[in-house]
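Here's a quick briefing to read alongside the model. Take a look at the structure first, then we'll go through it topic by topic.

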Amino acid sequence: MKKILFTLLVCLGLTSNAMAKEWKTVRFMVEGAYPPFNWTSEDGELVGFDVDLANALCEELQVKCVIGKQDWDGIIPALLARKSDAIIAAMTITPAREKKVAFTEPYALVPQRFVMSKDREIDPSEAGMDGIVVGVQRATVGDQYLSHAYPDIELRRYNTFDEAFTDLINGRLDTVFGGAIGLRSGFLDTDQGKDFHFTGPAYSEPKWFGKGVGIAVRKQDKDLQALLNKGLAALIANGKHKSIASKYFPYDIYNVESM
């Protein structure tokens with residue numbers, strides 16, 4: 001019996017080792033429409049902080065890097081369908097998402113803000129939000145929070161923030177709600193956003209807005225999660241993370257107050 005038990009344990013150990021995948025290629029997925037984290041250039045190239053960080057991770061970990069593009073509302077289903085190995089797309093780590101996927105440690109913190117024309121201020125009280133038309137990107141933490149906090153407001157959902165910005169400029173929205181970094185770089189710091197500003201408080205409660213931005217992987221790919229965490233820790237320690245971030249952000253992306 002002892003011999004049989006020993007043989008079974010050895011076989012289980014060998015099976016476990018055999019199942020541990022050696023990652024030689026990592027297929028990252030971005031949205032390609034959320035600057036400065038990731039967007040598509042005029043010549044169709046995927047660029048941005050997430051893209052540079054993915055390439056730096058692959059270089060650090062000595063693996064081949066493949067970066068593809070997927071619409072936001074289909075990005076987790078695509079991961080679960082094995083169309084990619086990891087999502088690096090400014091995705092906030094939330095309890096709801098952690099039920100579906102696993103995350104690395106955060107590589108950025110992103111508070112949520114309202115954007116409105118400079119001649120107006122948001123009143124976030126329930127009475128103050130009465131009659132306000134708010135634009136959000138579909139299936140984001142902002143969408144989920146506003147749906148819960150203000151169930152009676154008129155909430156318009158968009159596939160991309162660019163679509164929401166167009167409606168805000170043309171007066172079809174009163175305000176847009178989303179991640180402060182994307183709203184600033186993708187709108188407020190552009191010519192189109194010169195007549196608009198942040199208004200109201202910055203929202204960063206972990207219950208709704210998560211622990212920060214992380215890289216998502218399938219729950220069963222714990223070896224990839226550990227590998228990416230190892231790479232992120234190395235990039236932070238050697239200063240490459242900060243160097244890459246400084247190309248896109250004039251503030252510390254680990255410090256909410258600096259935004």
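Lys 194 is exposed, with 54% of its relative accessible area showing (exposed is over 50%, buried is under 20%, partly exposed is in between, with a 1.4 Å probe and protein chains only). Keep in mind that this is a predicted model, where local features need pLDDT of at least 70, side-chain atom pairs count only at pLDDT 80 or more, and totals for chains, interfaces and linings use all residues. Residues are numbered from 1 along each chain as its sequence is written, and side-chain values use heavy atoms, with hydrogens and water left out.

**Salt bridges**

- Lys 194 pairs up with Asp 195 in a salt bridge, with the closest N and O atoms 3.9 Å apart; the rule asks for a side-chain nitrogen of Lys or Arg within 4 Å of a carboxyl oxygen of Asp or Glu.
- Asp 195 itself is partly exposed, at 46% relative accessible area.
- Searching the whole structure turns up 10 salt bridges.
- One of them joins the side chains of Asp 85 and Arg 27, at 3.0 Å from N to O.
- Asp 85 sits in the loop between helix H3 (75–80) and strand E6 (86–92), while Arg 27 belongs to strand E1 (residues 25–30), so this pair ties together parts that are 58 residues apart in sequence. Helices (H or I, at least four residues) and strands (E, at least two) are DSSP runs, numbered from the N terminus.
- Asp 85 is buried at 4% relative accessible area, whereas Arg 27 counts as partly exposed at 29%.
- Arg 27 and Asp 85 also belong to a network of salt bridges that links them with Arg 218 and Asp 221.
- Another salt bridge has Asp 52 and Lys 247 as its partners, with the closest N and O atoms 2.8 Å apart.
- That pair links distant parts of the chain: Asp 52 is in helix H2 (residues 49–61) and Lys 247 in the segment after helix H10 (240–246), 195 residues apart.
- Lys 247 counts as exposed, at 57% relative accessibility.

**Strands and sheets**

- Strand E3 (residues 38–40) pairs with E4 in the antiparallel sense over 2 bridges, and Trp 39 has Val 47 in E4 as its bridge partner.
- Strand E9 (residues 133–137) has 5 of its 5 residues buried, so it is largely enclosed by the rest of the structure.
- Both faces of E9 are covered, with Val 133, Gly 135 and Gln 137 buried on one side and Val 134 and Val 136 buried on the other.
- E9 runs parallel to strand E10 (residues 154–158), and 5 bridges join the two; Val 134 has Leu 155 in E10 as its bridge partner.

**Two domains**

- The domain assignment gives domain 1 (25–109 + 211–254) and domain 2 (112–203), with bounds that come from an automatic or database domain assignment.
- The C-alpha centres of domain 1 and domain 2 are 25 Å apart.
- The contact takes 16 residues from domain 1 and 14 residues from domain 2, where contact means heavy atoms within 4.5 Å.
- About 1200 Å² is buried between domain 1 and domain 2, with carbon and sulfur atoms giving 60% of it; buried area is the accessible area (1.4 Å probe) that two parts lose on being put together, summed over both.
- On the domain 1 side, Tyr 34, Trp 72 and Tyr 251 lose the most area to domain 2, together 37% of what that side buries.
- How many salt bridges are there between domain 1 and domain 2? The count is 0.

- Most residues other than glycine have a negative phi, and most peptide bonds are trans.
- The peptide bond from Pro 35 to Pro 36 is cis, with omega near 5°, and Pro 36 is in the loop between E2 and E3.
- Gln 62 is not a glycine but has a positive phi of about 60°; this residue is in the loop between H2 and strand E5 (64–69) and is exposed at 73% relative accessible area.
- Ala 90, also not a glycine, has a positive phi of about 55°; Ala 90 is in strand E6 and counts as buried at 12% relative accessibility.

Definitions and conventions
Pairing = 2+ DSSP bridges.
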